Amino acid sequence: MYTSDVLTIRALVWQPNAGAPPHNHNGWAMVGVIQGHERNIGFHRKDDGSSPWKVDLEEAGTVDVRAGQSAYVVPPDDIHAVSIPSGKTVALHVFGNNIHQQWRCTFDVKTGQVSPFNFR
C-alpha cells in the first residue's frame, strides 16, 4: 500500500463471492484487475442531496473488469458496489486522495439510509 495526501494505491485480494456494498470515495478511483473478475455496479442519485442521511438511488450500469482490464469512477457518480462473481480476484486500486483520511458513506438502496465510515 502507498498513501500520500493526494494518492492511495492498494493491492486487494478478493475471495470468491466477496464484495462491498454501495459506497463512495469522495474522489476519482481506478481499478486494474490482475487476476480474476471484479464487477462494479454504478448508481446514480435521483434525489438532490439536500437530506444528508437519506438517498434515492437507481442502478446506472454494470462494468465487468477482468484480468488485464481497468475501470474508473469519478464524482459525482462515484457511488458503486463491488462483487466478485467467481474465483479469487487480485486487483490494484488507485484513489485520487488519501482514502484513509476520508469520511465516506455506504448507501442502503432499499431503505435510502446513508451511513458514514472511515478506514482510520
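Is N17 buried or exposed? I looked it up: N17 is exposed, with a relative accessible area of 67%. For my own notes, buried means under 20% relative accessible area, exposed over 50%, and partly exposed in between (1.4 Å probe, protein chains only).

**Ground rules.** I'm reading a predicted model, where local features need pLDDT of at least 70, side-chain atom pairs count only at pLDDT 80 or more, and totals for chains, interfaces and linings use all residues. Residues are numbered from 1 along each chain as its sequence is written, and side-chain values use heavy atoms, with hydrogens and water left out.

**Confidence.** pLDDT is the predictor's confidence in each residue, from 0 to 100. The chain averages 94, and 99% of the residues score at least 70. I found the highest confidence in β9, at 98, and the lowest in strand β11 (residues 114-117), at a mean of 94.

**Back to N17.** I placed N17 in the loop between β2 (8-14) and β3. Strands here are DSSP runs (E, at least two residues), numbered from the N terminus. The phi of N17 is near 65°, a positive value in a residue other than glycine. I wrote that down because most residues other than glycine have a negative phi, and most peptide bonds are trans.

**The β3-β4 loop.** N26 also has a positive phi, about 60°, although it is not a glycine. N26 sits in the loop between β3 and β4 and counts as partly exposed, at 38% relative accessibility. N24 lies in the loop between β3 (19-23) and β4 too, but N24 is buried, with a relative accessible area of 9%. The side chains of N24 and N26 make a polar contact at 3.4 Å. That term means a pair of N or O atoms within 3.5 Å; within protein, one must be able to donate a hydrogen and the other to accept it, and residues adjacent in sequence count only if both atoms are side-chain atoms. Leaving out residues up to four places away in sequence, N24 touches D78, I79, R104, C105 and F107. Contact means heavy atoms within 4.5 Å.

**The open sheet.** I traced 5 strands in the order β1-β2-β9-β4-β7, with antiparallel pairing. β1 (2-3) and β7 (70-73) stand at the edges with a single partner strand each, so one side of each has no neighbour in the sheet. Two strands pair if DSSP finds at least two bridges between them. Strand β4 (residues 29-35) and strand β9 (residues 89-95) are joined by 6 bridges, and V33 has A91 as its bridge partner in β9.

**More pairs.** Strand β5 (residues 37-45) runs antiparallel to strand β6 (residues 57-66) over 9 bridges, with R45 opposite L57. β5 also pairs with strand β8 (residues 80-83) over 4 bridges, again antiparallel. There, G42 is partnered with H80.

**Cores.** A nonpolar core is a set of buried Ala, Val, Leu, Ile, Met, Phe, Trp, Tyr and Cys residues joined through side-chain atoms within 4.5 Å. The largest one has 9 residues, including I41, F43, V55 and F107. β5 and β10 (104-107) are the elements that give two or more residues to this core. A second, separate core of 5 residues includes V31, V65, A71 and A91.

**Last look.** P75 and P76 are joined by a cis peptide bond, with omega about 5°. P76 is found in the loop between β7 and β8.
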